[in-house]
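Work through the exercises below with the model open. Try each task before reading its solution.

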Amino acid sequence: MHKSGIAGSITKIKYIGLIALLADWLENICIIILLTNYPSRLNVVAQAASACTVTKTIFIISCISLILIGIFALIIQNIVRRFSKLLR
C-alpha cells in the first residue's frame with residue numbers, strides 16, 4: 001500500500017542511514033583503488049572519494065539531527081501529557 005503525507009515521508013527517513021552507509025563503502029573502495037595504484041595519481045578517483053566523504057558526512061549529520069529532534073519531540077510530548085493530567 002502506498003503511504004502519503006507525513007506517513008510516507010517518515011517511511012523514507014530510514015533511507016538516510018542507508019545512503020550514508022553506501023557513501024562510506026564507496027569512499028572505502030575509492031581509497032583502496034588509490035592505495036593499490038600508488039604512486040600513480042588518479043585524480044578522478046580522489047575526487048570521487050572526496051564527494052563520497054562529503055555525502056556521508058551530510059547524511060550522518062542529518063541522521064543524528066533527526067534522532068535528536070525525535071527525542072526532543074518525545075520529551076515535549078511527555079511533558080505536555082503530564083501537565084494535561086494535572087489540569088484535569
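**Exercise 1: Salt bridges**

The structure holds two salt bridges. The model is a predicted one.

Task: Which residues does K56 pair with, and how far apart are the closest N and O atoms?

Solution. 
- Step 1. Start with D24. Its salt bridge to K56 has closest N and O atoms 3.3 Å apart. This pair ties together distant parts of the chain: D24 sits in helix α1 (residues 5-36) and K56 in helix α2, 32 residues apart.
- Step 2. Turn to E27. Here the closest N and O atoms of the salt bridge with K56 are 2.7 Å apart. Distant parts of the chain are again linked, with E27 in helix α1 and K56 in helix α2, 29 residues apart.
- Step 3. Check both against the cut-off, which is within 4 Å for a side-chain nitrogen and a carboxyl oxygen.
- Step 4. D24, E27 and K56 form a network of salt bridges.

**Exercise 2: Burial in the network**

Task: Classify D24, E27 and K56 as buried, partly exposed or exposed.

Solution. 
- Step 1. Set the limits: buried is under 20% relative accessible area, exposed is over 50%, and partly exposed lies in between.
- Step 2. K56 has 18% relative accessibility, so K56 counts as buried.
- Step 3. D24 has a relative accessible area of 25%, so D24 is partly exposed.
- Step 4. E27 is buried, like K56.
- Step 5. The buried residues of α2 are V45, A49, C52 and K56. Across the protein, buried residues make up 11% of the 88 residues.

**Exercise 3: The span of α2**

Task: What span does helix α2 reach, and what span is expected?

Solution. 
- Step 1. Count secondary structure: two helices and zero strands.
- Step 2. Take α2, residues 43-87, which has 45 residues.
- Step 3. Go from its first C-alpha to its last. The reach is 66 Å, close to the 66 Å expected at 1.5 Å a residue.

**Exercise 4: Surface patches**

Task: Which residues make the nonpolar patch, and which the positive one?

Solution. 
- Step 1. List the nonpolar patch: I60, I64, I67, L68, I71, F72, I75, I76, I79, V80, F83 and L86, covering about 1,200 Å².
- Step 2. I79 lies in helix α2. Its relative accessible area is 40%, so I79 is partly exposed.
- Step 3. List the positive patch: R81, R82, K85 and R88.
- Step 4. At 78% relative accessible area, R88 is exposed.

Terms used:
Residues are numbered from 1 along each chain as its sequence is written. This is a predicted model: local features need pLDDT of at least 70, side-chain atom pairs count only at pLDDT 80 or more; totals for chains, interfaces and linings use all residues. Side-chain values use heavy atoms; hydrogens and water are left out. Helices (H or I, at least four residues) and strands (E, at least two) are DSSP runs, numbered from the N terminus. Buried means under 20% relative accessible area, exposed over 50%, partly exposed in between (1.4 Å probe, protein chains only). The expected span of a helix is 1.5 Å times one less than its number of residues. Patches are made of residues with over 30% relative accessible area and no salt bridge: like charges are joined within 9 Å, nonpolar side chains (Val, Leu, Ile, Met, Phe, Trp, Tyr) within 5 Å. Accessible areas come from the Shrake-Rupley method with a 1.4 Å probe; for residues, only the protein chains shown count as cover. Lys and Arg count as positive and Asp and Glu as negative; His and the chain ends are not counted. The place of a charge is taken as NZ of Lys, CZ of Arg, CG of Asp or CD of Glu.
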